[in-house]
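Take a look at the structure below.

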Protein chains: 2
Amino acid sequence: MHTPAPTPTCTTAELELIDAWWRAANYLSVGQIYLLDNPLLREPLAAAHVKPRLLGHWGTTPGLNLLYAHMNRAIRDRDLDALYVTGPGHGGPGLVANAYLEGTYSEVYPSIGTDENGMRALFRQFSFPGGIPSHVAPETPGSIHEGGELGYALVHAFGAVFDNPDLVALCVVGDGEAETGPLAASWHSNTFLNPVTDGAVLPVLHLNGYKIANPTVLARIPESELLDLMRGYGYAPHVVSGDDPMTVHARLAATLDAVLDEIAAIQRAARSGGAVTRPAWPMIVLRTPKGWTGPKEVDGLPVEGTFRAHQVPVAQTRTDPAHRALLEEWMRSYRPEELFDATGALLPELRALAPRGSRRMSANPHTNGGLLLRDLVMPDFRAHAVPVERPGTGSSSATGVLGGLLRDVIVANPDRFRLMGPDETASNRLQAVFEVTDRAWVAQTVPGDDHLAPDGRVMEVLSEHLCQGWLEGYLLTGRHGMFTCYEAFVHIVDSMVNQHAKWLKTTNHIPWRAPIASLNYLLTSHVWRQDHNGLSHQDPGFIDHVVNKKAAVVRVYLPPDANTLLSVADHCLRSRQYVNVIVAGKQPALNYLTMDEAVAHCTRGLGIWPWAGTADAPGTETGPDVVLACAGDTPTLEAVAAADLLCTHLPQLSVRLVNVVDLMRLEPATEHPHGLPDRDFDALFTTDKPVIFAYHGYPSLIHRLTYRRTNHRNIHVRGYTEEGTTTTPFDMVMMNDLDRFRLVMDVIDRVPGLGAAGATVRQRMVDARIAARAHTREHGEDDPAIADWVWPDRS
Amino acid sequence: MHTPAPTPTCTTAELELIDAWWRAANYLSVGQIYLLDNPLLREPLAAAHVKPRLLGHWGTTPGLNLLYAHMNRAIRDRDLDALYVTGPGHGGPGLVANAYLEGTYSEVYPSIGTDENGMRALFRQFSFPGGIPSHVAPETPGSIHEGGELGYALVHAFGAVFDNPDLVALCVVGDGEAETGPLAASWHSNTFLNPVTDGAVLPVLHLNGYKIANPTVLARIPESELLDLMRGYGYAPHVVSGDDPMTVHARLAATLDAVLDEIAAIQRAARSGGAVTRPAWPMIVLRTPKGWTGPKEVDGLPVEGTFRAHQVPVAQTRTDPAHRALLEEWMRSYRPEELFDATGALLPELRALAPRGSRRMSANPHTNGGLLLRDLVMPDFRAHAVPVERPGTGSSSATGVLGGLLRDVIVANPDRFRLMGPDETASNRLQAVFEVTDRAWVAQTVPGDDHLAPDGRVMEVLSEHLCQGWLEGYLLTGRHGMFTCYEAFVHIVDSMVNQHAKWLKTTNHIPWRAPIASLNYLLTSHVWRQDHNGLSHQDPGFIDHVVNKKAAVVRVYLPPDANTLLSVADHCLRSRQYVNVIVAGKQPALNYLTMDEAVAHCTRGLGIWPWAGTADAPGTETGPDVVLACAGDTPTLEAVAAADLLCTHLPQLSVRLVNVVDLMRLEPATEHPHGLPDRDFDALFTTDKPVIFAYHGYPSLIHRLTYRRTNHRNIHVRGYTEEGTTTTPFDMVMMNDLDRFRLVMDVIDRVPGLGAAGATVRQRMVDARIAARAHTREHGEDDPAIADWVWPDRS
C-alpha cells in the first residue's frame, strides 16, 4: 500500500542538479571517513592516502545527504526559514559535507578553505586526533543536536519551532532511534504545537532497515501497520521509497513540495482566525537502502542495503590493494571531476544550489541560538518577598511564592519563556502562573478542563523526556525556560542532562557559538515530603549526577526558604551556559531571612546565621565549640530546631549554625569556580571543631565536596540513607537519622567534655525520639509540638 | 467508531456477583484511604474514625478493582494462570483490597485477619506510620511492579511471560503512563514475543481521562486515531466504555471472553507447528470515569469523572461534618451489609468468586519469583580461561572470552536465561552466543538477516528502557539474565535501576518474598574505548549512581582482564538479590592473571600484583615508597606500564601495584558488606606513603569510598575528567591525565627525596607525552611503542 505518486514538480534538469549536489556530499562524506590525502583523486589511491584508523558511520549518511539536497531546493523555491535536525547523528560526515558545500564551514573555520587544500584538511580532521568528532556535534555548523545518544531528535525539533511561527524544522528520525522510548512518545508533541504561533516540524522517518547488526522494527512491520501507526500518532504520512536515484529524486522532490504545501495550508487556515484545532501534520516515510551508493559487495558479502554498511563498509583499505581499489572505484563513482573545478572548488552551478546567507540550514541563526538570545525581562523578584519579622516564626510555601515571580516573568516575556513539567505545575504550588496563562493543549477540551489553550506557556505532559527535550530545543534556539519536576523522577532524564551539559562544555570552547540561556531545574516535591507517595518517590541523587559534569557548567542551589528561593531563581534565570539545579520545597515551611538578608546570603552562597546559634552573637568572640551546618529546607529546619534544643539544654555550649545555599561553595576553589577559598572555609567551619552537617541528599556528596578541607576529618554528615515509606514528615527525618534530636545527640557524641550534663541531655533526646515515634504511630500525624515548632522568642 | 458489542457470555446473576465483588473492593479501598476505626460503619461515622492525614489515590482505583473482579471470573472459568500488572500503581488500596478479599493478605500477614478486627487493621495500616505504602509495592501480594515511577508496566508484563507459555499477564496501562516514552516504546514488545514458547500479555489501556490536573493525550484524540495507533502498534483493539456499572459489566465480561478466546486461538495456531508469524494480539481500551462511584460533587465542584478525583476526593472529613457525611454516604453506597457478615468476613458466595490457591492473582507464584527460581546450571568458567604464561604479554578481548561462557550458559539453561542489549551483542564481542542461539524476532525476515528467530535467547532492541524492563520482569518472575550496554547510555535507565534496587532493598525485609536472581549489567564499550564515537559516548557515572543505593544490594566489579572477567561473571550469575555492575572492555587487551590467580584475586576483591612492582618481590621487606593502585582495564594497563617505567628509570624506588576488582572493598567494613577492614586496607595502601590511584571513572568516587581510611590524605586519583572526543585510545588517556607518563610524574611529584634523578625522569615523561601527542596528531594512530607495549621480560 503506497501513497499515490505525487505530481512531479521538478524538471529533469533540476533533478540532475540535485543529484550532483548529492553526489558531491556523498563524495565528501566518504573522503572524510577514509582519506588523509589525494582528496580529488588526482592520482591513483595509495596506502599513504588512507587513514590508518577508519572511524565513522557511512550507513545513514547518503540518506541524510539526499534530504539535505532536496530541502535546499525547497528552501530556495519557497524562501523557507528551515533547520535540519539529524536524528541519526552518526552521519556526521554528511552534515559536515553539506555545511562545507554551502560555504558555511569555511566561514566559521577559515583554515578549511573551499579549495583542494581545504578539502584535504576537511578530510584529514574528521575522527582524527586534534580534529572533529565523528558525529554531528556542537562543532558542526547548523546543528542543535548532538548525534550521540538516540531518542531526542523530534523533541528537539519541536522545542526549536515553539514560538518561531515561520520556522520549519526538518527532522530526520532514523529507524533505529524510532525504537527508543523518548522518540516514540515524542510523536505526540503535535498535541502541544500551536499552528498559529509555533512553526512546523516535518518529520522524515528514514527506514534504511538496520541498526548495527539487526533489522529495525518499523522497517519490518507491514507498511499498512506503519501507516496506521503514523496516523495514530496524528500525522498524514507520505511514503517515498526506492533504490534508483533518479526515480527517488523525482518522488522525493514532488513529495517535499506536497508536504510543504500542506504545512503552508495548515498554517494559513489556522492563522486566518477561528478556533484552533489539531491538524494532521504531514510526515514522510523515506525507505532507501542503508549505505546507498556504497559498495554493493565486499569480500563476497553483500554490503549496500544491509547492516554491514553501518560503519566502514570496506575496512582494509590501507593494507589490502583490492579493498583500496574498491574504495577508489566507489569514490570515483560520484564523478568528482564533474563536481569540483581544478582548484577543488565546487562548480558555480552547484554552488548556486545552496540557499543564500542565513537561509542555508548550516548557517541558520536558530541553530546558534545565542545569536538570537534576548535577555529575559526580569520583574523585580523583591516585589514577591515574604515579610520576616523574626526568623523561623512564620511560614510560606517557597514554590508558592516563586509562582508569583514566574507569573510575572511569563507576562513580561510572552514570546520567549516556557515552563515545562510533567503535569505538576499546580501540584508544585506554582499555580499563580495560571492567572496569566494556560497549559499548552491542541486536542479536544471539555467543560471543566482547567486552563488548557493552544497558546499556553506552561507545557505539561507525563513524560520527563519530552519536557526536557522540548526545553533543550527551546534553549538551544535562543529562548529561556524552567523545568519543574519531582526530584526522584528527574533521574529519568539523567542521560539527557549529560548530553546537554557536554554540549555546553564543548560550546564554551567554540568561538562562533554564542552563549545560550541556562537549563534551569526546579526540583520540588522532594525526597523529604513525599507525603502521598513513598520510597519510590524518594531519591535526591540527581544532584550527585549533575556534579559529575564539568564544574564550568553545573550549579546546585538549596535555598532554605521562600526569599532565598526568589533570589536564587532570579539569578538562575539571568544566567547563561549553565545547568542550574534548584531544590526547594512546596509545603509551608519556616521563613528565616528577610529579602535583603536573603540576597546577601545567596550572594555569599553560604554563611553563619548568628541568631540561630550562641557562638556568633554580637559580643561573643570565643568561637564555636561545634558547628551545625545545613543545606536544604528540611535539614535546615532540623538543624535550627537542634540549635534551639542545644541552646535550651546545654547553654554552656557555643554553637554556630552555617547554612549553605550554593552547594558548590563547599568544593575547593581549585575545583569549582564557586569554590570557597580554604581560608574562608576554615573561618566558617573551623579547623578542629566538630561539624554536624544536615544535608538534603546522600551524605557522601558532602564528603566528596569537602575531603580536601582542613577540618574534613571532623565533618559528620546526616542525610538521606534510602529509608522511607508513606509516612509523616517527622517520621521521614527520624527514619534517616536527620531529625533534630539525633543532631543534638551527634553534637553531644562529638564535643568533648560535656560530661554528665551531656549524658543527661542525650538521654532526653533518645526519649524524645521514642516519644515522637510513638505519637506518630498512634495518631498518624506528627506531635504538634514538633510539627508546629517555631524559633522561640528569647528576647 | 466503537467495536461492535461482543456476544454476552455472563448471566445477569453472574454479573451481579461480579458487581458485588467490585463494590467490596471499592469499599475496602475507600476504607483504607480514610478510616482508622468503625470499619463496617456499625455506627455513624465520627471524626475520631477518620485518619488525620488522608494519603492515597482514589481516582484510578475503581477501574483497577473492576478489572480484577472480571479477571477473577475468567480465571475461574478457564483455569487461567494469570497475574495482574498494575501500571497505575497509585491504586495501591485497590490491589491490597483484592488480595484481602482473596484471603491472600491474611495468609501472608496473619495480623490482618478476615474479620472486623482485621479489616480495622487493614484500614489503619494504609499510608500510616509503621504501616504500608500508598502505592502497589513489594509489600503487596501479587505484585511484581512497584507503582512509583510510571512507564514500565508493559515491559514488566512482557518480561514476566517470556518462557512462561501458559501465563497470561493482564497489564493495566493508565492513560497518564501511556504518555511516557518507555511505555510508548514497549507496545512494540509484541515483535519479540514468541507465541509458541512465551505466554501472553493482555494490555488494558485504561482511559479515565486525567493525570493529576490535566487531561491525557490518548483520552482526547479522536477514537479512530487511537484505534489506528493501537493497530499501528500491532494489536487488535477492543473498546469497552461507559459509566453505568451493569452495562459496563456486561460489555467487559463479554469482551474479556472474546479477547481470551483470541489469545487461546493465536496460541493454538502457533503451537500446532508451522512457521511462527507475528499475530495481532488483542488489547482492550477501557474508558470509564476517573474516581468512578466516588462523590459526584464536592463543595459545588464536579469530582467523579474529573481530575479532582485523582487523590482524596473529599478532604475535610475529620473537621467538616458535611464532608464526613459525604464520605459515609459514599461508603454506604457500596452496601457493606450485603458484602460482609456479622463478623466482618466476606460472604461465602463472594468468597467463592476468588480463584483457588495459586490461581489467585494475589498468590500467583510467578509474582514471588524467588519461589520458582531454579539455580542456573553453570558450566565451568575455567574451561574458557585464556593461557597466561607471563603477565602482561598476551592479549585477549575480555568480552570475547566471556562470550564463550555465555554461550555455554545459554545451552545449559534453555528456558531460564536471557541476554538483553540494545543491538550490541556482536558489537560487544559476545558473538559466540550466536553459535547456539539467535536474536528473538517475530517480524518479517529477509535473506541475509543475521541470526533472527522467534525463539532466540538474545533480545536486542534499540531501547535501553525495554532491555531493562524486560529483564526486570524476567528476574522478578524467577529467572536469570544479563544486560549488556554501552557504559555511557546505561544512564538512560538510571531511574529504573533505582526502582529495582529499592524493590530489592524492601523485599530483603519481607519474609514471604523469596530471593530472586541478581540484575547483572555488563558495561562494555566503555568510556575509554569509544573509538568510533566520542564525547557523547563517554560517561562512567553509572557506577556513582548505583553506589548511592543501599550497600546491601549493590556490587561493582572492574575486572582488569579476561580471566578475571570470567571469574566475576560466574560469581554474579550465581548471586541473588543484587544489582551487579561489571565494567569490562571489548577490545584486545593484555592478560595479567592465570585462571587460578584470577579466582584468588577476585575472591580477595583486590590485591598486590608482586610482579608489577619492586616493593613486593620475594625477599623485599622494606615496604613500598609509593603505591600505584588501579581499577578498570584501561587504568590497569596505564598503571602497569607506569610501574615498568618507574622500574626502568627509577630502580631505587620501591613500588607496589595494587589492583582493585571489587570496588566496594575500598569502603569501610562498617559501610558495605564487602568493605575491607581498616587494618587490611592500611596493610595494602600503607598509612603514610603516596598512593597514585588510576581509576576507570570519575575520580571523586574513589575519594568518596576511601575518605575514612587512615591514608586518605595521600591518595591522589586520576580518572575520567570529562575530556574526550573521537580519537585514539592513548590520546584519550592523555586528555584525561590518566596516561602512564602522567602517573610517573604524579609519583615523582609526591615521593620526597628523588632529587635530580626524579627531575630528570620527570622531564623525560613530559617529553614522552609531547612526543606521543605529536605522533598521534601526525599519523592518526598511537605510537606503536605505546599501543603495542607489553610487560618486559626482566628474567
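In this predicted model, H13(A) passes H17(A) in a right-handed crossing. Right-handed means that the near helix is turned clockwise from the far one by less than a right angle. Helix H13 covers residues 398-412 of chain A, and helix H17 covers residues 562-574 of chain A. Both are DSSP runs (H or I, at least four residues; strands are E, at least two), numbered from the N terminus. Their axes come within 8 Å and cross at roughly 35°. Such axes are lines fitted to C-alpha atoms over the stretch in contact, and the angle, from 0 to 180 degrees, is taken between N-to-C directions.

Which residues of H17(A) make the contact? They are Ala562(A), Leu565(A), Leu566(A), Ala569(A) and Leu573(A). From H13(A) come several partners, including Leu402(A), Leu405(A) and Val409(A). Contact here means heavy atoms within 4.5 Å. The residues of this contact divide into eleven nonpolar, one polar and no charged. In this scheme Ala, Val, Leu, Ile, Met, Phe, Trp, Tyr, Cys and Pro are nonpolar, Asp, Glu, Lys and Arg are charged, and the others, Gly among them, are polar.

Now turn to charge. Side chains of opposite charge can pair when their charged atoms come close. The whole structure holds 106 salt bridges over all chains. Each is a side-chain nitrogen of Lys or Arg within 4 Å of a carboxyl oxygen of Asp or Glu. One of them joins Asp737(A) to Arg718(A), with the closest N and O atoms 3.9 Å apart. Asp737(A) lies in the loop between helix H22 (729-735) and helix H23 (740-750) of chain A, while Arg718(A) lies in strand E22 (residues 715-718) of chain A, so the pair ties together parts that are 19 residues apart in sequence.

Next, the two chains. The contact takes 122 residues from chain B and 121 residues from chain A. Together they bury about 9600 Å², 54% of it on carbon and sulfur atoms. Buried area is the accessible area (1.4 Å probe) lost on putting two parts together, summed over both. The interface has 16 salt bridges. Among them, Glu723(A) pairs with Lys550(B), the closest N and O atoms being 2.8 Å apart.

Residues are numbered from 1 along each chain as its sequence is written, and chains are lettered from A and ligands numbered from 1 in the order in which they are written. Local features need pLDDT of at least 70, side-chain atom pairs count only at pLDDT 80 or more, and totals for chains, interfaces and linings use all residues, while side-chain values use heavy atoms, leaving out hydrogens and water.
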